[in-house]
Amino acid sequence: MSDATEVDYLVVGAGATGLAFTDALVAESPATVLMVDRRHAPGGHWNDAYPFVRLHQASAFYGVNSRDLGEDRIDDSGPDAGTYERATGAEICHYFQAVLHDRLLASGHVEFLGMTDCTWDERGRARATSLLTGAARDVVVRRKVVDARFLQSAIPATHTPGFEVDDGVRLVPVNDLVRTEQPAGGYVVIGAGKTGMDACNWLLDNGVDPDGISWIKPRDAWVIDRATLQPRDKVGSFIIHWAAAVEASAEAATVADLFGRLEDAGLLWRIDPSIPTTMYRLATLNATELDQLRQIERVVRSGRVRRIQTDRILLDDGDVATTPDRLYVDCTADGIPTHAPRPIFEQQQITIQAMREGSPPFNAALIGYLEATRDDVDEQNSLAPANPYPTSDVDWIRTRHIGMVGQRRWNDTPDVQDWMERSRLNIAAGLLNHASEPGVAQAIGTYLEQADRAIANLGTLRVQLGDSVDGFS
């Protein structure tokens with residue numbers, strides 16, 4: 001490329017959503033795209049993920065539309081038996097490298113600049129600057145800048161802990177847990193989210209006694225049974241569970257009633273059913289992982305860590321004794337941020353955000369399709385309701401409400417419905433092919449009969465919580 005570049009789209013961020021958007025866009029249009037990323041390779045936070053991480057969801061509906069991830073294999077043994085395989089972090093990085101080189105660059109419509117920072121203004125003028133050489137390049141964007149970093153994940157390997165650590169305290173990010181060269185006098189996992197759960201389960205899988213683990217949890221989380229989120233040959237099971245959630249959403253009289261129904265149906269789990277649960281961040285577990293976490297009895301629920309001393313841990317709501325030989329494992333990064341939403345489509349910019357909960361590549365690919373097939377921003381936004389990432393328990397109501405409103409609009413738009421049926425990123429693709437399986441036709445009927453009531457009732461519950469539902473009915 002020359003020092004000044006003209007492209008139709010500038011995509012800032014080459015993680016999962018930037019790649020899924022670009023893949024869908026070039027499949028439907030002759031647009032030219034420049035992708036830039038601060039990292040050396042595509043894949044976003046997966047390049048910095050902890051070594052034992054796996055996808056939270058099945059590989060079968062993750063990645064980009066044009067290339068399968070994995071072998072669509074259903075595990076026949078182990079803790080995930082009966083569910084689709086989940087790729088490792090290394091497998092995902094390799095996959096995204098192949099997507100970039102074999103699909104996007106090979107198309108002739110896409111160029112990629114790694115180790116590059118980028119700034120832009122509202123008039124479509126941008127500057128890409130190499131983090132290695134400092135060389136700057138002006139970019140003229142004919143159509144839109146695509147911000148694929150708006151929901152950039154914060155992970156332990158690249159964040160600074162929000163607490164003080166005294167000299168003599170051994171604190172490592174979760175990534176370095178696998179590099180431990182000597183036994184510790186106990187492990188202290190800090191963080192209640194999915195990373196903390198993964199760290200605890202990894203320690204247990206590798207022979208650490210449950211009594212050798214202390215788990216600091218400022219909040220307790222609702223978690224999802226991963227077996228209820230299965231695509232393809234398991235999509236019948238998915239719709240049965242989804243319909244049960246729709247029915248619960250339609251029938252619940254109060255917020256507490258709703259969560260009771262969801263828990264009774266096995267749609268949401270609590271690690272400790274005796275503890276009030278106030279966090280929901282879309283974490284998924286299998287039954288074995290859940291049972292293992294329940295073995296950990298040394299749980300500290302005294303707020304966030306403020307300071308770790310050699311003999312005491314200072315927290316928001318109290319102090320606890322400790323010893324100098326313990327290894328502290330930092331799992332406190334926020335993950336996906338909870339920014340206030342903004343319109344996904346604007347005249348000069350696209351800001352990739354969630355629409356359907358828990359499906360980042362699907363959301364990004366659908367946004368790419370809507371950009372390729374429509375010019376009217378209002379029409380695009382009506383089909384792309386921004387759905388902020390959940391953090392508290394009651395956010396389940398908002399995320400499900402907005403997601404169901406979006407789903408109804410997609411179902412009512414023939415070309416979008418057709419695209420979704422062809423999309424490998426859509427967990428419900430091919431559902432009607434499984435209608436003859438036990439319980440599936442009944443579940444489809446329940447969904448069709450109860451969806452409007454569920455949307456209305458979820459909206460009512462949101463109003464009771466003081467939330468605005470304008471535009472989501």
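1. Helix α3 gives the most to the lining of the second largest pocket, with five residues. Helices here are DSSP runs of H or I with at least four residues, and strands are E runs of at least two, numbered from the N terminus. Helices α2 (89-104), α3 (194-205) and α6 (287-293) each supply at least two lining residues. The model is predicted: local features need pLDDT of at least 70 and side-chain atom pairs count only at pLDDT 80 or more, while totals for chains, interfaces and linings use all residues. Residues are numbered from 1 along each chain as its sequence is written, and side-chain values use heavy atoms, with hydrogens and water left out.

2. The second largest pocket has a volume of about 630 Å³. A pocket is an open set of points on a 1 Å grid over the protein atoms alone, with protein on both sides within 12 Å along at least five of seven lines; a cavity is a set where a 1.4 Å probe fits but cannot get out, and lining residues have an atom within 4 Å of a point. Grid points are joined across faces, edges and corners, and a volume is the space filled by probe spheres set on the points. Of the 30 lining residues, Phe52, Arg54, Asp80, Arg86 and Thr88 lie nearest the pocket's centre. By class, the lining has eight nonpolar, nine polar and 13 charged residues. Ala, Val, Leu, Ile, Met, Phe, Trp, Tyr, Cys and Pro count as nonpolar, Asp, Glu, Lys and Arg as charged, and the others, Gly among them, as polar.

3. The structure holds one cavity of 30 Å³ or more. The largest cavity has a volume of about 60 Å³. Among the residues lining this cavity are Phe150, His339 and Tyr389. Its lining comprises six nonpolar, three polar and no charged residues.

4. An open sheet of five strands runs in the order β8-β18-β9-β10-β14, with parallel pairing. Strands pair if DSSP finds at least two bridges between them. The edge strands, β8 (170-173) and β14 (298-300), each pair on one side only. Strands β9 (residues 187-190) and β18 (residues 327-330) pair over four bridges; Tyr187 has Leu327 of β18 as its bridge partner. Helix α3 packs on the sheet, touching β9, β10 (213-216) and β18; contact means heavy atoms within 4.5 Å.

5. The axes of helix α4 (residues 235-251) and helix α11 (residues 440-464) come within 7 Å and cross at roughly 35 degrees. Axes are lines fitted to C-alpha atoms, for helices over the stretch in contact, and angles run from 0 to 180 degrees between N-to-C directions. The residues of this contact divide into 13 nonpolar, five polar and three charged.
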